[in-house]
Amino acid sequence: MKFVKVDLKNEKHRLALIELLNDYMLDEMGIGEQMPAELAPSIINGLKSHPAYVGFFVCVDENYAALANCNINFSTWKGKKLLNIHDFIVASAFRNLGVGFYLLEEISKFAHEQGYCRINLEVRNDNVKAKNLYKKAGFNECEPPNHFWEKKIE
């Protein structure tokens with residue numbers, strides 16, 4: 001396994017990112033539907049122009065096996081950067097092989113080396129497999145528990 005920082009200037013990285021996001025969307029923990037074709041360019045262009053974006057792959061041989069799309073944020077309580085994992089995807093062919101755990105461990109090393117105070121992630125309440133992986137990698141529910149709220153802007 002190899003930990004690779006996403007380079008959006010690299011065509012292979014862009015294609016792999018979209019392919020893994022599409023796999024995630026098709027999954028039962030996603031939306032259960034194919035990514036609309038017109039969405040891919042918007043994702044790539046949006047990530048390219050987002051100054052706080054950082055992404056990571058796990059490659060197994062020549063295959064892109066996993067992806068974490070992250071955003072850098074800032075903790076005013078700690079006075080340091082924090083990393084938010086927004087998308088965490090392990091391709092179905094690479095599940096139960098330690099790829100997800102490896103990706104989380106490497107992201108943790110990156111965050112430590114870069115002086116981040118913590119890593120946040122979001123997970124669906126019914127995604128038991130993901131929650132078990134996150135616990136194994138040292139993540140816990142916030143104390144006190146936080147809920148992810150949203151206001152959709154249409």
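The charged end of lysine 136 sits over the ring of phenylalanine 101, at 5.2 Å from the ring centre, where sitting over a ring requires NZ of Lys or CZ of Arg to be within 6 Å of the ring centre and within 35 degrees of the ring normal. This is a predicted model, in which local features need pLDDT of at least 70 and side-chain atom pairs count only at pLDDT 80 or more, while totals for chains, interfaces and linings use all residues. Residues are numbered from 1 along each chain as its sequence is written, and side-chain values use heavy atoms, leaving out hydrogens and water.

**Ring pairs**

- Rings of Phe, Tyr and Trp (its six-membered ring) pair if their centres lie within 6.5 Å, with planes under 30 degrees apart counted as stacked, over 60 as edge-to-face and the rest as tilted; this rule gives six aromatic pairs.
- Phenylalanine 3 and phenylalanine 56 form a stacked pair, 5.0 Å centre to centre with 15 degrees between the planes.
- Because phenylalanine 3 lies in strand β1 (residues 2-5) and phenylalanine 56 in strand β2 (residues 53-60), this pair ties together parts that are 53 residues apart in sequence; strands (E, at least two residues) are DSSP runs numbered from the N terminus.
- Phenylalanine 110 and tyrosine 116 form a tilted pair, because their ring centres are 6.0 Å apart and their planes are at 40 degrees.

**Cluster and accessibility**

- Ring pairs link Phe3, Phe56, Phe110 and Tyr116 into a cluster.
- Phenylalanine 56 is buried at 0% relative accessibility, whereas phenylalanine 3 is partly exposed at 21%; buried means under 20% relative accessible area, exposed over 50% and partly exposed in between (1.4 Å probe, protein chains only).
- Phenylalanine 110 is buried at 14% relative accessibility, and tyrosine 116 is buried at 11%.

Notes:
Helices (H or I, at least four residues) and strands (E, at least two) are DSSP runs, numbered from the N terminus.
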